[in-house]
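User: I am new to this structure. Please walk me through it in short questions and answers.

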Amino acid sequence: MTAVQIAPSRRSLREPPICPTDDETLVPKKGARHQKVDKRSTEYIIKSGLAGGIAGCAAKTIVGPLDRVKILFQTSNPNFAKYTGKWSGVPIAIKDIWIQDGPRGLFKGHSATLLRIFPYAGIKFLAYEQIRAHFIKSKAQETPGRRFISGSLAGCVSVFFTYPLEVIRVRLAFETRHDSRSTLRSICRKIYNEHPPPVRPPPSQFGAVTAATATLQQVTPSHGLANFFRGFTPTLLGMLPYAGASFLAHDTVSDLLRHPSIAAYTTLPHTRGTIRDPNKPVQLRYWAELSSGGFAGFISQTVSYPLEIIRRRMQVGGVVGDGRRLGMAEVTRRIWMERGWRGFFVGLTIGYVKVIPMAASSFYVYERGKYYLGI
């Protein structure tokens with residue numbers, strides 16, 4: 001008896017494999033490796049903004065006490081000026097704040113910080129992803145210059161939308177009086193109602209120039225909502241090198257840590273790609289991700305610190321000196337006359353102590369957040 005072989009029908013050949021271990025399910029189909037995530041989709045925008053906002057809040061909470069001491073040093077608060085310039089100044093200042101106000105004092109202004117940092121960090125990381133996708137469309141365009149420009153523009157966008165909250169945060173952290181407790185509402189009312197004293201120009205033989213100057217001062221807003229934008233120009237200028245250097249340093253170090261020669265020690269296995277982006281790089285181990293973020297914080301803080309000093313002094317201009325709103329050039333001149341070039345680096349040590357762990361934790365939470373959100 002001869003066995004009869006029945007040829008499979010065409011329909012059975014077209015049916016998908018049932019067994020999940022078939023090669024077709026294990027090996028991606030042709031063209032799958034070239035799949036790209038749509039970074040302009042609503043889902044990606046929301047998730048990247050959410051991951052960035054959470055990362056910013058986590059980072060700021062970790063360094064909250066250091067942030068307040070740094071602001072007190074930068075703005076030359078009379079009660080804490082004696083601690084500046086000393087290695088032991090930071091712990092002594094923290095101890096004094098703890099004795100006077102308890103743990104609440106170390107986090108004074110932190111509510112305003114979180115109120116600002118969530119949209120600020122969310123917009124910054126979201127904008128970086130969008131701007132990066134526009135400037136860097138292929139691996140050949142992955143250059144340091146494009147990375148720097150993408151980071152700088154992302155920082156400027158975030159500052160533009162959240163700067164008034166930054167002024168409120170600094171003023172809350174600057175207050176050290178005990179006669180009345182400052183609240184978010186009282187600080188906002190105080191900033192809004194601050195009126196600079198009238199400026200009387202010195203006699204000049206150029207009457208037309210004096211008249212033009214007086215007219216310009218009258219039409220230029222110097223109180224009200226304009227008070228919430230004190231120091232905006234140096235902030236915007238400082239954000240260009242700060243955000244640009246931060247993203248550039250992080251991405252560059254991350255690429256080096258993913259080099260095939262050391263990838264076995266620096267990356268997590270089975271984390272390459274996500275559901276939405278199969279080409280997403282493999283995740284770094286926690287210490288490697290923290291190292292790349294910390295290095296980014298060190299570089300960005302170094303290149304932008306003088307402008308940070310200037311903007312801090314401008315932000316508290318309504319409560320120090322004669323209450324007059326100072327311009328960027330005048331603040332720069334005053335700092336130089338007070339301490340020389342060293343005045344532009346007051347608090348840099350505590351800046352490193354604060355920014356390095358803040359940047360490290362921020363990038364770590366953001367990268368892990370994106371991974372777990374599937375983008």
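User: Among contacts between residues at least 6 apart in sequence, what share joins residues at least 24 apart?

Analyst: This is a predicted model. Take the contacts in the chain between residues at least 6 apart in sequence. The share of them that joins residues at least 24 apart is 77%.

User: Which class describes the angle between α3 and α7: parallel, antiparallel, perpendicular or oblique?

Analyst: The two helices pack at about 140°, with axes 7 Å apart. Roughly antiparallel needs an angle over 145°, and roughly perpendicular ends at 115°. The angle therefore makes α3 and α7 oblique.

User: How many charged residues are in the contact of α3 with α7?

Analyst: The crossing of these helices is right-handed. Among the α3 residues in the contact are Y44, G52 and K60, and α7 gives residues including H110, F118 and E129. By class, there are 11 nonpolar and 10 polar residues, and the charged ones number two.

User: Which class describes the angle between α7 and α11?

Analyst: Helix α7 covers residues 110-135, and helix α11 covers residues 232-257. They pack at about 65°, with axes 13 Å apart. The class from 65 to 115 degrees is roughly perpendicular. So α7 to α11 is roughly perpendicular.

User: Which residues of α11 make the contact with α7?

Analyst: α7 passes α11 in a right-handed crossing. From α7 come Y120, K124, F125, Y128 and R132. By class, the contact has five nonpolar, no polar and three charged residues. On the α11 side, the residues are M239, F247 and D251.

User: Which element gives the most residues to the largest nonpolar core?

Analyst: This core has 20 residues, and V159, I168, I191, M239 and M358 have the most contacts inside it. Elements giving two or more residues are α3, α7, α8, α9, α11 and α15. The top contributor gives five residues, and that is α8.

User: Which residues does M358 touch, leaving out those up to four places away in sequence?

Analyst: M358 is among the residues with the most contacts inside the largest core. Beyond four places in sequence, M358 touches A59, K60, V63 and Y242.

Technical notes: Residues are numbered from 1 along each chain as its sequence is written. This is a predicted model: local features need pLDDT of at least 70, side-chain atom pairs count only at pLDDT 80 or more; totals for chains, interfaces and linings use all residues. Side-chain values use heavy atoms; hydrogens and water are left out. Axes are lines fitted to C-alpha atoms, for helices over the stretch in contact, and angles run from 0 to 180 degrees between N-to-C directions. Helices (H or I, at least four residues) and strands (E, at least two) are DSSP runs, numbered from the N terminus. Angles under 35 degrees count as roughly parallel, over 145 as roughly antiparallel, 65 to 115 as roughly perpendicular and the rest as oblique. A crossing is left-handed if the near helix is turned anticlockwise from the far one by less than a right angle, and right-handed if clockwise. Contact means heavy atoms within 4.5 Å. Ala, Val, Leu, Ile, Met, Phe, Trp, Tyr, Cys and Pro count as nonpolar, Asp, Glu, Lys and Arg as charged, and the others, Gly among them, as polar. A nonpolar core is a set of buried Ala, Val, Leu, Ile, Met, Phe, Trp, Tyr and Cys residues joined through side-chain atoms within 4.5 Å. Buried means under 20% relative accessible area, exposed over 50%, partly exposed in between (1.4 Å probe, protein chains only).
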